[in-house]
Amino acid sequence: MKVVNATKDDLNEWLELASEVENLFGPMVSDPKFIQAIVKNINQCSAFCVRENDGLPGSRLLGGVLFSSAGAPSYKIGWLVVSSRARNKGIATELLRHILKLVEVPAEVSVTTFGDDIPDGRPARKLYQKFGFVPQEDLIPNGPEGGSRQKFKLIITQKA
C-alpha cells in the first residue's frame, strides 16, 4: 500500500469518501467550501491518499488525509478518513506515518477529532493516541452533526 499525493483526477473519489462519513462530519459533498479545500490541498501537494490496488489517479480511494504545514513548526491534520470497506487494514496508520515524516522537528502537530462520546469516532482517538497525541482541554465547538469534538496534540522534539 502506497501513500501518494492526490491529483485533480482523484477529486470525485475524495467526494465519494466524504459521502461515506457525512454522518460523522456533517454535509460535505454539496459544500463548495469543502470542495475548495480539497482542490486547494491537491494543488498545494498537501492532500495524500491510498488508492485501491495502488492504482492510477482517479482510482477508488481507500483513505486520504489533508495536512497543513503553513504554520510550521505548528502543523495541522485537517481531515483524515478511511473508506468503510478498507477499515482495520492499517491505512490510517500509513497515512499518519507518511505525514509525520514530512514534519521538520522540533514541531507540534494538532488535530481536532471526535469526543469520547462519539462511538464511531473512538478508533480515530485510539489511532492518534497510539502515535503519542495527547488530548487537550481546549473547548472545541460541536461538529455540524452535533457531536462533541476534542483537540489532540503531538509534540515532536527529535526525528524518530
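The end C-alpha atoms of residues 1-159 lie 23 Å apart, and this span is 29% helix and 26% strand. Helices (H or I, at least four residues) and strands (E, at least two) are DSSP runs, numbered from the N terminus. The UniProt record, an unreviewed entry, places the feature "domain: N-acetyltransferase" at residues 1-159. UniProt positions follow the numbering used here, feature names are shortened, and annotations may be inferred rather than shown by experiment.

This is a predicted model: local features need pLDDT of at least 70, side-chain atom pairs count only at pLDDT 80 or more, and totals for chains, interfaces and linings use all residues. Residues are numbered from 1 along each chain as its sequence is written, and side-chain values use heavy atoms, with hydrogens and water left out.

**Cores**

The largest nonpolar core holds 27 residues; Ile 77 and Val 109 have the most contacts inside it. Such a core is a set of buried Ala, Val, Leu, Ile, Met, Phe, Trp, Tyr and Cys residues joined through side-chain atoms within 4.5 Å. At least two residues each come from β2 (47-51), β3 (61-68), β4 (74-82), α4 (91-101), β5 (107-114), α5 (122-130) and β7 (149-156). α4 gives the most, with 6 residues. A second, separate core has 16 residues, including Ala 6, Trp 14, Leu 15 and Ile 42. In soluble globular proteins, nonpolar side chains tend to be buried together.

Ile 77 has contacts (heavy atoms within 4.5 Å) beyond its neighbours within four places in sequence; among them are Val 65, Phe 67, Leu 96, Ile 99, Val 109, Tyr 128 and Phe 133.

Buried means under 20% relative accessible area, exposed over 50%, and partly exposed in between (1.4 Å probe, protein chains only). In α4, the buried residues are Ile 91, Ala 92, Thr 93, Leu 95, Leu 96, Ile 99 and Leu 100. Their cover includes β2, β3, β4, β5, α5 and β7.

**Strands**

β7 is mostly covered, with 6 of its 8 residues buried. Strands pair if DSSP finds at least two bridges between them. β5 and β7 pair in the antiparallel sense over 8 bridges. Val 111 has Phe 152 in β7 as its bridge partner. β6 (residues 134-135) also runs antiparallel to β7, joined by 2 bridges. There, Val 134 is partnered with Lys 153 of β7.

Ser 74 lies in strand β4. Its 36% relative accessibility makes Ser 74 partly exposed. Ser 74 and Leu 56 are 18 residues apart in sequence, yet 32 Å apart in space, C-alpha to C-alpha.

**Salt bridges**

The whole structure has 7 salt bridges. Each is a side-chain nitrogen of Lys or Arg within 4 Å of a carboxyl oxygen of Asp or Glu. Three of them are tabulated.

| Pair | N to O distance |
|---|---|
| Asp 10 and Arg 51 | 2.7 Å |
| Arg 85 and Glu 20 | 3.5 Å |
| Asp 116 and Arg 125 | 3.7 Å |

Asp 10 lies in the loop between β1 (4-5) and α1 (11-20) and Arg 51 in strand β2, so the pair ties together parts 41 residues apart in sequence. Asp 10 is buried at 0% relative accessible area. Arg 51 is buried at 7%.

Arg 85, in the loop between β4 and α4, and Glu 20, in helix α1, are 65 residues apart. Arg 85 is partly exposed at 31%, as is Glu 20 at 25%.

Asp 116 is partly exposed at 46%, whereas Arg 125 is buried at 9%. Salt bridges that share partners join Glu 20, Glu 52 and Arg 85 into one network.
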